[in-house]
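Hi everyone, thanks for making time this morning.

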Amino acid sequence: PFSKDIHAASSNLILENSTKTCSISIKNNSYYTEINNIKNNENIILNIDYILYISKIKLYNINAIALNFGPGNFTKLRLISIISQNISLNKKNIIRISGIQNIAYATYNKYTYKHIIVAIKYRHNETFICIYRHNTYRNIMQPIIPEKIKNISELLSFPNHYVYTGNMFSIINNIKKKYILKSIYYRYPLIKYTSIISEKYLNNNLIAHMNNICPNYIINNIF
């Protein structure tokens, strides 16, 4: 799913639409700015134009587009993936960042635990789950087991040296009593880490092909 024919980009456009509101940011070397709390999907394009304007950056100067591909709401993720694909037709690089990986990195960044399990409620008794280990060489949270959907009954036995985070673990009594739980709550938790992780992906030459950015959909937003 990855291409390795990329040099480090100087200007990145970051798009986040997996939460209740949309966020957009621009990263150019040491310069960083973001727009949060975009509540109407129809305003995403206008806000992309606006953030480019206030950053004094032209769209053709954007070398990479990073997007959070979920899990999240179908309509919101589908929209952001279409926008990314259309912008990338101008030979931009796409960096596909998992929202679950963002949560894992936020947990690592705050608590410095290198082994983290993230579980996000999907529907009924099902959950999105992924097990991560910090890759010291690349300085990214690397999945040991790819993201998958599991039933709650499958979440009751994991190594006790891992840290557990995500809204699913908070409702499972056996997990709460047995393992180390860490909560990550920010009003806008994902755009910042999508930007940070996207730079790490660029530095490691990990970009997604345009036809490989299918989002992970869930019924509700994760925040």
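Let's start with Tyr105, Tyr108 and Tyr193, which form one aromatic cluster. Before going further, a word on the ground rules: this is a predicted model, in which local features need pLDDT of at least 70 and side-chain atom pairs count only at pLDDT 80 or more, while totals for chains, interfaces and linings use all residues. Residues are numbered from 1 along each chain as its sequence is written, and side-chain values use heavy atoms, with hydrogens and water left out.

Back to the rings. A pair of aromatic rings is described by the distance of the centres and the angle of the planes. Rings of Phe, Tyr and Trp (its six-membered ring) pair if their centres lie within 6.5 Å; planes under 30 degrees apart count as stacked, over 60 as edge-to-face and the rest as tilted. Searching the whole structure gives 2 aromatic pairs. For Tyr105 and Tyr108, the ring centres are 6.3 Å apart and the planes stand at 45°, so this pair is tilted. Both residues belong to helix α3, and being 3 residues apart there puts about one helical turn between them. Helices (H or I, at least four residues) and strands (E, at least two) are DSSP runs, numbered from the N terminus.

Now to strand β5, residues 64–68. All of it is inside: 5 of the 5 residues are buried, so the strand is largely enclosed by the rest of the structure. Ala64, Ala66 and Asn68 are buried on one side, and Ile65 and Leu67 are buried on the other. What are its neighbours? Two strands pair if DSSP finds at least two bridges between them. Strand β2 (residues 11–16) pairs with β5 in the parallel sense over 4 bridges, with Asn12 partnered by Ala64. Strand β7 (residues 93–97) is also parallel to β5, over 5 bridges, and there Ala66 stands opposite Ile95.

Ile95 takes us to the packing. A nonpolar core is a set of buried Ala, Val, Leu, Ile, Met, Phe, Trp, Tyr and Cys residues joined through side-chain atoms within 4.5 Å. The largest one has 26 residues, and Ile95, Ile100, Ile116, Val118, Tyr132 and Met141 touch the most other members. Elements giving two or more residues to this core are β5, β7, α3 (99–111), β8 (115–123), β9 (126–135) and α5 (190–203). The most come from α3, with 6 residues. Apart from this core lies another, of 19 residues, including Leu15, Ile24, Ile35 and Ile48.

A few backbone details next. The peptide bond from Gly70 to Pro71 is cis, with omega near 15°, and Pro71 lies in the loop between β5 and β6 (72–73). Thr112, in the loop between α3 and β8, has a positive phi near 60° and is exposed at 58% relative accessible area. Strands β9 and β10 (residues 140–151) run antiparallel, joined by 9 bridges. Their hairpin has 4 residues between the strands, and Asn139 there takes a positive phi near 55°. Asn139 counts as partly exposed, at 30% relative accessibility.

Finally, how far to trust it? pLDDT is the predictor's confidence in each residue, from 0 to 100. The chain averages 76, and 75% of the residues score at least 70.

Notes
Buried means under 20% relative accessible area, exposed over 50%, partly exposed in between (1.4 Å probe, protein chains only).
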